[in-house]
Amino acid sequence: MAGKTIINNSFILFPDAEWIDTIKAEEWKLNSFSANNFYSDEERIKLEEKYWPITEITDKFNRQSVSYQLSKKDCLHRWLKYKEGFSSQLVKMLLDEFEVGEGDLVMDPFMGSGTTALVCALRGINSIGYDVLPMSKLSILAKTSVYNYSIIELQQVLEDIKTLEIPDNYTKCTPFLSITSGAYPETESRAIAYYTEYFAESQYSDIAKNLVKLCILNSLEKISYTIKSGQYLGWDHRCPKIIEINRLRVEAGKKPFVNKNDKGVLPTLKEALTLEFAQMVEDVIFLQSKDSAFNATCKYTEGSVLFEIAKVHDNTISGVITSPPYCNRYDYTRTYGLELAYLGVDDNQVKQLRQKLLSCTVESKTKIEMLKRHYVDIGRQDDCEKVLSIVTDNKVLNEIKGALRARNANGEINNKGVLRMVEGYFMELAFLYSELFRVCKPGAHVAFVNDNVRYAGEVIPVDYLSTNIAEQTGFKPVKIYTLRQQKGNSSQQMAKYGRVALRKSITIWEKE
Ligand SMILES: C[S@@+](CC[C@H](N)C(=O)[O-])C[C@H]1O[C@@H](n2cnc3c(N)ncnc32)[C@H](O)[C@@H]1O
């Protein structure tokens, strides 16, 4: 297992990677973590010194490969429009370097669109993974069925999509959440309901029906007045709901909201769905022409990895390739509101899903009591205590928590949920790292893609802090690949605290 590539404690992921000269590399190393020296950053500086020697600035991965951008052009992997996804190339590179091959079992704790699982399946590698959002199930089922579709059937479906007309007396509309009401022009809301019902009741095979559903799901944002924008759902200024809100504001003597979003001409469902489905048929024809088949199992569980992973046996996993939600306040249950509503999730269930996500939003509540109960239920209280003491004793995390509390007391944090989110984020990840250590085979490697973040002028080195916690749970830190392209700061942070470029990294650990 990857024995050849480990030399003197240094893991060569890219033997031919260009090494950049020291002066430039030093720019990636931070020597100040607290803007205007507001709070002590001694522990973060020590951590920077500790892991700097295993940090490599790389050109081999770039913003495109760790994001969905490359997948957009990638046959099969583009089937779920998931902006949070990483590319298949990234997974391929990591599998090669970890020397994981046919018959091995790889885990992705945060599957999203299923990129890791699909790359594995195409190579005969078995996989197991989790996600709390129902879009994953739809996407993974559609993708893993790629060799089972009948092309003739899919072509009939495409013809049906092109010719289907909504009866004049059809009045049903697609379901919505409070945050998505008014998202579609009324005709399109009816079209979504009608197309969905028509295909669900049709004689087509279950996998063809699932593919249509996925294509409708992918069309939702395009035909709506909404725009996915990080923490929330943005709206086109022409949306009747937005016009009405502004009218009422003006009537009440308030200024209207400034909104410059304009999506241009919105396609109809028929237009968007035809394009989506035609592209999928093209991908199926291409992949089936290669006369291949999946020779691997792909086990997906809809649920939180924090609890589900307990069911996995010790020492069974050959590698982990994943990307958790970042600690950046992005709320998947808001940005994917249209998709969740379409899949039948109601307002109450959305709230529950939000709390199942790894703490990554300001609304996340602590999961500590739930985790404690869970460890009691599975008879592993000692393991729970061990993880809790790792987290509570971590000097870097304590420094960060202290800094954020002090910034908050100084009125610099506009939402107290940030403190709870940061604390919960690392606590929950510590539980996961500890479980990953248990389930990994000796020699297995773990790769996490993540972004560093900054709140109220306090830099949180997510890559190094995660590595530190993982090391305390038993892993050997092997390498921290950091992209040459770093992340900027919000304009508010820049104006108030100056600019600090933030690393985007892939941390690699090994169970020796
Ligand atoms: C960055 S995305 C992963 C994208 C994936 N690598 C891909 O290529 O599509 C993180 C995913 O973690 C999922 N997630 C968040 N909390 C989770 C939890 N507690 N258990 C399982 N999945 C979770 C989110 O729903 C989201 O799909």
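The protein chain splits into domain 1 (3–7 + 20–146 + 294–510) and domain 2 (151–289), with bounds that come from an automatic or database domain assignment. This is a predicted model: local features need pLDDT of at least 70, side-chain atom pairs count only at pLDDT 80 or more, and totals for chains, interfaces and linings use all residues. Numbering starts from 1 along each chain as its sequence is written.

Taken over C-alpha atoms, the domain centres are 31 Å apart. Domain 1 puts 27 residues into the contact and domain 2 puts in 29, where contact means C-beta atoms, placed from the backbone, within 7 Å. On the domain 1 side, α5 (135–144), α12 (332–335), α13 (337–342) and α14 (347–356) each supply at least two residues. The largest share, six residues, is from α13. Helices (H or I, at least four residues) and strands (E, at least two) are DSSP runs, numbered from the N terminus.

Now the ligand. Of the 22 residues around it, Gly85, Phe110, Gly112, Ser113 and Thr115 come nearest; a residue is near if its C-beta atom, placed from the backbone, lies within 6 Å. β5 (126–131) and α11 are the elements that give two or more residues to this shell.

Last, Val305, in helix α11 (residues 305–308). Why does Val305 count as buried? Because it has 26 C-beta neighbours inside 10 Å, and the cut-offs are 20 or more for buried, 12 or fewer for exposed, and partly exposed in between, with C-beta atoms placed from the backbone. Leaving aside neighbours within four places in sequence, Val305 contacts Pro109, Phe110, Tyr130 and Leu432.

Definitions and conventions: Contact = placed C-beta atoms within 7 Å.
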